[in-house]
Amino acid sequence: MSDEVDDRVGRVSRIDVEAVPVAAPLWRRDFPYEAAGEDEVTRRAFARYLVAGAGAMAAGNVGIAIWTQLRSINTGEPSPIVAAGEIAVGDTYLFRYPNESDPAIALRLDEETYVAFSQKCTHLGCVVFFEAEDHRWHCPCHEGNFDAATGRVISGPPTRPLGKIDVEVRPDGQLWALGRVEA
Ligand code: FES
């Protein structure tokens with residue numbers, strides 16, 4: 001069989017495998033396809049990559065789902081925050097809990113009652129701050145608002161309440177963080 005030249009596109013349209021000379025470029029010796037079939041091979045290879053990519057993505061998603069179910073969540077060890085008397089009624093106190101990289105905020109609601117929350121908004125992680133006049137935690141990034149006492153969502157894009165931290169005032173007058181409360 002001899003090579004034929006496709007006059008319209010000016011290229012070789014058929015290649016006889018046996019006839020490919022040893023001196024031909026390596027790529028042609030390794031892939032001795034007919035030019036007419038090259039498109040088909042490319043489509044097939046593309047489809048193969050597509051299936052492999054979709055399979056890898058599906059496997060990745062399953063892996064992430066399993067990891068989020070199995071990972072241990074750091075709820076934190078009991079640790080002192082500050083002398084309770086240092087926070088005035090209606091005031092807040094910033095601290096870090098359960099780790100140094102986790103911003104948290106405590107609020108004294110009245111003489112006896114303290115609450116504390118993770119300062120990270122549950123929407124996209126911006127920092128919330130207290131708005132006394134509206135009695136709420138406010139996230140300025142997308143106008144998310146949470147109830148000051150419970151951390152539940154009042155308005156805005158967040159769908160989950162703020163991460164609550166159990167606190168108590170101990171006999172020595174220190175306000176303690178006891179652990180993160182899982183929603
Ligand atoms: S990050 Fe808080 S509302 Fe979007």
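**Briefing: cysteines, rings, strands and cores**

Cysteine 121 has a relative accessibility of 6% and therefore counts as buried, where buried means under 20% relative accessible area, exposed means over 50%, and partly exposed lies in between (1.4 Å probe, protein chains only). This is a predicted model, in which local features need pLDDT of at least 70 and side-chain atom pairs count only at pLDDT 80 or more, whereas totals for chains, interfaces and linings use all residues. Residues are numbered from 1 along each chain as its sequence is written, and side-chain values use heavy atoms, with hydrogens and water left out. Strands (E, at least two residues) and helices (H or I, at least four) are DSSP runs numbered from the N terminus.

**Cysteines and the disulfide**

- The structure has one disulfide, the term being used for a pair of cysteine sulfur atoms within 2.5 Å.
- The disulfide joins cysteine 126 to cysteine 141, with the two sulfur atoms 1.9 Å apart, and the link is left-handed, with -95° about the S-S bond.
- Cysteine 126 belongs to the loop between strand E6 (114–118) and strand E7 (129–131), while cysteine 141 belongs to the loop between strand E8 (136–139) and strand E9 (144–147), so the bond ties together parts that are 15 residues apart in sequence.
- Cysteine 141 is partly exposed at 38% relative accessibility, whereas cysteine 139 is buried, its relative accessible area being 2%.

**Aromatic rings and a charge over a ring**

- Two aromatic pairs are found in the whole structure; rings of Phe, Tyr and Trp (its six-membered ring) pair if their centres lie within 6.5 Å, and planes under 30 degrees apart count as stacked, over 60 as edge-to-face and the rest as tilted.
- Phenylalanine 117 and tryptophan 137 make an edge-to-face pair, because their ring centres are 5.8 Å apart and their planes stand at 65°.
- This pair links distant parts of the chain, with phenylalanine 117 in strand E6 and tryptophan 137 in strand E8, 20 residues apart, and both residues are buried.
- Tryptophan 137 also pairs with phenylalanine 130, here in a tilted arrangement with 5.3 Å from centre to centre and 55° between the planes; phenylalanine 130 is likewise buried.
- Through these ring pairs, Phe117, Phe130 and Trp137 are linked into a cluster.
- The charged end of arginine 170 sits over the ring of tryptophan 176, 3.9 Å from the ring centre, by the criterion that NZ of Lys or CZ of Arg is within 6 Å of the ring centre and within 35 degrees of the ring normal.
- Tryptophan 176 lies in strand E12 (residues 174–181) and counts as buried at 17% relative accessibility.
- With residues up to four places away in sequence not counted, tryptophan 176 touches Pro78, Ser79, Pro80, Ile81, Asp166, Val167, Glu168 and Arg170, contact meaning heavy atoms within 4.5 Å.
- Aspartate 166 is 10 residues from tryptophan 176 along the chain, and their C-alpha atoms are separated by 8.3 Å.

**Strand E9 and its partners**

- E8 and E9 run antiparallel and are joined by four bridges; two strands are said to pair if DSSP finds at least two bridges between them.
- Within this pairing, arginine 136 stands opposite aspartate 147 in E9.
- The hairpin of E8 and E9 has four residues between the strands, and glutamate 143 takes a positive phi near 60° there.
- E9 also pairs with strand E10 (residues 153–155) in the antiparallel sense over two bridges, and phenylalanine 146 stands opposite valine 153 in E10.
- Five residues lie between E9 and E10 in their hairpin, and glycine 151 in the turn has a positive phi of about 80°.
- In a regular strand the side chains alternate between the two faces of the sheet.
- Both faces of E9 are covered, with Gly144 and Phe146 buried on one side and Asn145 and Asp147 buried on the other.

**Nonpolar cores and a buried loop residue**

- The largest nonpolar core has 14 residues, of which Ile81, Phe95, Ile165, Val167 and Leu175 touch the most other members; such a core is a set of buried Ala, Val, Leu, Ile, Met, Phe, Trp, Tyr and Cys residues joined through side-chain atoms within 4.5 Å.
- Two or more residues of this core come from each of strand E3 (79–83), strand E5 (103–108), E6, strand E11 (164–169) and E12.
- Another core, of 12 residues, lies apart from the largest one and includes Leu107, Cys121, Val128 and Phe130.
- Glutamine 119, in the loop between E6 and E7, counts as buried at 10% relative accessibility.
- Among the residues that glutamine 119 touches, not counting those up to four places away in sequence, are Leu94, Pro103, Cys126 and Val128.
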